[in-house]
Each structure stands twice: as structure tokens, then as C-alpha cells.
Amino acid sequence: LLFLLSFLFHFPCTDSNPSIVVQQNISFYLIQISSYANQSWAQNRGSAWLDELQTHGWDSETGTIIFLHTWSRGNFSNEEIVDLQLLFRVYFSGLTMEVQEQASQFQIKYPIEIQVRVGCELHSGKITKDFLHAAFNGLNFLSYQNKSWVPFPEGGIRAQKVCDLLNIYEGYKETAYYIIREVCPRSLLGILDGAKMDLQRQVRPEVWLSSSPNLQPGRLLLACHVSGFYPKPIWVMWMRGTQEQLETKQGDILPHADGTWYLRVTLDVEDKEASGLSCRVRHSSLRDQDIILYWGHGLSVILITFAVIVPLVLLIVLVLLCKKRCSYQGIP
């Protein structure tokens with residue numbers, strides 16, 4: 001497996017394109033999530049990201065790379081892409097066999113989950129940082145630093161033993177070094193020029209409010225929903241006048257299928273204190289024009305809508321009934 005890794009990753013490396021000028025820091029990284037429910041069931045998921053923009057996926061059924069954009073192939077040839085897909089298939093297969101063998105030998109309890117994040121960062125047109133971290137069952141396990149595998153304290157003695165074993169084999173260290181120092185920079189620079197339009201796009205958020213009864217009588221859980229925004233960085237806060245409500249709780253920022261994001265921000269209040277509260281949203285697409293929605297104002301909008309629609313519907317019904325009655329009476 002080590003020889004295969006070294007061979008498949010020996011692509012010709014290209015220098016940085018001097019025509020690409022990047023004003024901001026940007027990172028390219030791969031995420032691997034391998035789940036093992038029992039001795040016979042395993043699932044490997046993978047994705048690649050340019051900052052918060054997903055560029056690639058991994059089809060575990062066919063063992064192929066999913067290119068999410070026209071520019072996602074970068075400057076890799078078709079032959080190199082085929083080799084990469086073979087590499088990932090062999091890697092996932094070998095990892096699954098190794099995990100299941102070690103789990104049986106050392107009686108490690110299922111389910112097991114392994115997470116890996118590997119990538120590099122571009123600062124002012126130069127690659128200045130790279131990283132490779134792995135987690136085991138949600139805890140930091142090991143990382144690659146200065147051409148060596150280093151355990152995290154959370155990994156305990158098990159992480160130390162794994163690192164000691166990995167550090168014996170120079171092939172593992174050389175392959176990891178080549179991935180983060182050669183392949184990752186080439187991938188980043190290869191797709192960056194084509195990704196500029198997507199990275200620079202701005203999509204305004206849609207915002208609405210809702211509430212639900214709290215578990216405690218006389219209290220409400222107010223929710224501010226912010227949906228469809230891009231890029232990901234956003235600021236949302238429940239306010240009373242100009243005062244931020246520090247009890248505001250923010251959920252996870254979740255992705256939509258179109259690459260935009262969704263966020264739910266809540267505030268637990270007494271019924272009588274809900275009046276006068278507002279949700280304030282700041283985002284780069286708004287250009288310093290914050291969105292502010294006041295709690296209770298949404299009801300008036302609904303009432304106004306009904307006040308307009310209901311008479312209109314009644315009018316249409318009356319006209320239709322009149323026409324029907326006139327037709328029965330032979331009146332043109």
C-alpha cells in the first residue's frame with residue numbers, strides 16, 4: 001500500500017501561477033469520515049472544500065470523485081484523476097480491513113468513527129501552512145508535524161502507540177509530506193482561478209421569526225431563521241433596542257444543496273417580555289444595511305395579507321355565482 005501511495009501521488013508539480021492574485025487568506029482541505037457500525041458494516045465519506053465552498057465529493061458506491069463545479073478538476077489530467085480514484089479506493093479498503101482487525105484483536109467496542117482533515121492554506125499568494133489531523137470517536141487522536149506523527153493528549157496511550165508504529169515506516173511519513181506539501185498546493189492553485197466567481201458571490205439572506213411554547217409555563221422560545229445566505233460568515237442576535245440579549249443561543253450553520261447556508265438563533269423569554277424584542281442580521285451581502293425584524297410585527301403583515309386576499313376571493317366567488325345565475329336565466 002505504501003508503494004502504491006507513493007507511486008500514485010507522484011504527479012508533476014506546478015509552480016504558483018503569477019497571474020493569480022489573492023487578497024485574502026484561503027484554505028483547501030479534504031475531510032474524511034469513516035464509520036464502522038460492526039464487524040461487517042462500514043461507510044467511508046469524503047469531501048473537499050475551498051474555504052466554505054465544497055468543491056468535490058466522494059461516491060462510496062462507485063469509488064469515484066464527484067466534481068461539483070466545472071472548474072473542480074483543476075489542472076489534473078484524466079489519467080491522474082483515475083489514479084487518484086484508485087488511490088482512494090485502495091486506501092479506504094485497506095483502512096476498513098485494518099480497523100476491523102484491530103477492533104477484533106484489542107476488543108474495541110463498536111460503533112467506531114474516524115475523522116481526518118488534511119489541507120493547506122494560501123496567504124498573500126504563497127502557501128504558508130499545511131495540516132493533517134485525525135480524530136477517533138470524536139476525540140483528537142494524532143497529527144502530522146515536522147515530518148513525524150504526533151499524538152494528541154486526548155488520544156491517551158493508544159494514540160502514542162499508533163504514532164510510534166507509524167513513525168517506524170518512512171514511507172508513511174514521506175507520503176503524508178508529499179500530500180500536504182505538493183498535492184494540496186497544486187490542487188488549491190489549480191482550482192482557485194476558476195473558483196473566483198463562486199467565492200466572490202454574495203447572496204442576501206431571507207429572515208423570518210417563529211415561536212414555540214417552552215417547557216416552563218408562561219415562557220416562549222423565540223426563533224430567528226436566517227436562510228439562503230452566502231458566504232458563510234454571518235452575525236445574528238436578538239436585541240432589545242440597542243442592547244444585545246446575551247442569552248441568545250445560536251445553532252449550527254447548516255448547508256443547503258445550492259451551496260448557501262441556514263442558521264437558527266433562539267431566545268428563551270417570558271411571555272410578557274417578548275414585546276419589544278427584535279432579531280438583527282448582519283451579512284456582507286447587505287452592505288451595512290442590517291435586516292431587523294421586530295417580534296409581533298409579523299402578525300400585522302399576516303392580517304394585512306388576509307385583509308386583502310379574503311375580500312378579493314369573495315368578490316371572485318360572487319362574480320362567478322352571478323354569471324352562473326345569469327346564464328340560467330338566459331341573460332347575456
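# Rings, cores and strands: a walk through one predicted model

Hi everyone. This protein has 5 helices and 17 strands, where helices (H or I, at least four residues) and strands (E, at least two) are DSSP runs numbered from the N terminus. What you see is a predicted model, in which local features need pLDDT of at least 70 and side-chain atom pairs count only at pLDDT 80 or more, while totals for chains, interfaces and linings use all residues. Residues are numbered from 1 along each chain as its sequence is written, and side-chain values use heavy atoms, with hydrogens and water left out.

Let's begin with the inside. Of the 332 residues in the protein, 35% are buried; that means under 20% relative accessible area, with exposed being over 50% and partly exposed in between, using a 1.4 Å probe and protein chains only. In soluble globular proteins, nonpolar side chains tend to be buried together. A nonpolar core, for us, is a set of buried Ala, Val, Leu, Ile, Met, Phe, Trp, Tyr and Cys residues joined through side-chain atoms within 4.5 Å.

Which residues touch the most other members of the largest core? Among its 39 residues, they are Leu50, Leu188, Leu199, Val226, Val236, Trp238 and Val281. Helix α4 (170-200) is one of the elements that give two or more residues to this core, and α4 provides the largest share, 7 residues. Domain 1 (26-200) and domain 2 (206-295) each supply at least three residues to this core; those bounds come from an automatic or database domain assignment.

Take Val281 as an example. Beyond its neighbours within four places in sequence, Val281 has contacts (heavy atoms within 4.5 Å) that include Pro205, Val226, Trp235 and Ile291. There is also a second, separate core of 21 residues, with Ile108, Ile112, Tyr144 and Cys163 among them.

Next, the strands. Two strands pair if DSSP finds at least two bridges between them. Antiparallel β16 and β17 are joined by 4 bridges, and Arg280 is found opposite Ile292 in β17.

Elsewhere, β7 (residues 139-145) pairs with β8 (residues 148-151) in the antiparallel sense over 4 bridges. These two form a hairpin with 2 residues between them, and Asn146 in the turn has a positive phi of about 50°. Gln145 faces Ser148 in β8.

Rings of Phe, Tyr and Trp (its six-membered ring) pair if their centres lie within 6.5 Å; planes under 30 degrees apart are stacked, over 60 edge-to-face, and the rest tilted. That rule gives 6 aromatic pairs. In one of them, Phe136 and Phe141 have ring centres 5.6 Å apart and planes at 40°, so the pair is tilted. Phe136 is buried at 17% relative accessibility, and Phe141 is buried at 10%. Tyr169 and Tyr172 are edge-to-face, because their planes are at 85°, with centres 5.8 Å apart. Tyr169 is partly exposed at 40%, and so is Tyr172 at 30%.

Charges can sit over rings too: NZ of Lys or CZ of Arg must be within 6 Å of the ring centre and within 35 degrees of the ring normal. Arg201 has its charged end over the ring of Tyr230, 4.4 Å from the centre, and Lys232 lies over the face of Trp261 at 4.5 Å from the ring centre.
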